Every structure is written in C-alpha cells, then in structure tokens.
Amino acid sequence: CTDGVATFTVAATGSTPLTYQWQVSTNGGNTWANVTNGGVYSGATTATLTITAPPVSMSGYFYRVIVQGALPCPSVTSFQRVLTVNPLPTVVISASPYTTVTAAAASSYTGLRDGVAVAGANAATLVVDIDGLGDYTLRVTDINGCTNVSNMVTITDSISGKCFIYPNPTS
C-alpha cells in the first residue's frame, strides 16, 4: 500500500567482506540504475533494501542487487523482483437523511464515533439513534489489505435546541 513499507532482502555467502548495491529498473528490466539512500529508499548498500511509503507510480519497478565478495572473486547479480504498490482505498461517507452513515464497497469496515470503534459497526451502512450523536468516520480495508479512513460526518440532534411540551398549559 502507498502508506506501507516494502523490503527486498538477499542472502549471500562467500569470501568476506561482502558488499551490496541495489539497482532499480523503471522500464521492465531493460536498463538499471543504482539505488541511493534518500527519499523512499534506505539500505541501498546493505542486504535489505527498504522502500517506505512508495507512490503508486513505482508499481512495476524491478529491483535486483549486485553482491561483491573479496577480490579476485567476481560479483554476482541476484534475480530481479517486481514491486507492486496498491493505492489506498478512497472512502467518502455521508449522512442521509440525518441518521444513516453510508460508504462504498470494501473488504472490511470499522465505524468510529468520536475516534472509538462502534460495536457492531462493520458494514457500509450504520443507522444512528439519539444515543449515537457524535462525529463519525469509517475505516475501510480493501481486498489488497490497504486501509484508509474517511472524511468526518457529524450527527447532531437538530438545528434547534428548543423543546416543546404539549398540551399547553400542562400541570
């Protein structure tokens, strides 16, 4: 997911010390460039390359590592592996007419009122009564395991705080 962490790890043995240089290909493996630490990358010269919060535009990039042992041993290039980056689900909730919170389809739902999970609020629709007034958000997880939180919808009692008692006059 775009807010996640991806790691590529290589296990190598040979004449020590071993050195590592990760490479990336943005064109299906036709050309390769050395990865440097910075931005989304860390560990560019270690056995584990870490990619933190990659954008969806990096999906489909290929990675490999060149491992070099002590001279005169030749370097060895690993197999290439592809990075898949899934977008976060888009979640927008609305209240209609005033007491039902709804959202689009997802794999799982967690309804939150004032930041706390609401018992039984695990569907795309939640009906709220007078005891459920508050600020609602919805946390959804899609089929790729990516999670996002919706906008906030506030459910209040009414525009007017007036209370009317009938019949009037009353005893």
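How many disulfides does the structure hold? The structure holds 1 disulfide, a term that denotes a pair of cysteine sulfur atoms within 2.5 Å. This is a predicted model, in which local features need pLDDT of at least 70, side-chain atom pairs count only at pLDDT 80 or more, and totals for chains, interfaces and linings use all residues. Residues are numbered from 1 along each chain as its sequence is written, and side-chain values use heavy atoms, with hydrogens and water left out.

**Disulfide**

- The disulfide is formed by C1 and C146, whose sulfur atoms lie 2.1 Å apart.
- The link of C1 and C146 is left-handed, with -100° about the S-S bond.
- C1 belongs to the segment before β1 (5-9) and C146 to the loop between β14 (134-141) and β15 (147-149), so the pair ties together parts that are 145 residues apart in sequence.
- Strands (E, at least two residues) are DSSP runs, numbered from the N terminus.

**Accessibility of the cysteines**

- C146 is buried, at 0% relative accessibility; buried means under 20% relative accessible area, exposed over 50%, and partly exposed in between (1.4 Å probe, protein chains only).
- C1 is partly exposed, with a relative accessible area of 28%.
- C73 is also partly exposed, at 34% relative accessibility.

**Sheet**

- An open sheet of 3 strands runs in the order β1-β5-β4, with antiparallel pairing; two strands pair if DSSP finds at least two bridges between them.
- β1 and β4 (41-42) are the edge strands, each pairing on one side only.
- β1 pairs with β5 (residues 48-52) in the antiparallel sense over 5 bridges.
- A6 has I51, in β5, as its bridge partner.

Key
Helices (H or I, at least four residues) and strands (E, at least two) are DSSP runs, numbered from the N terminus.
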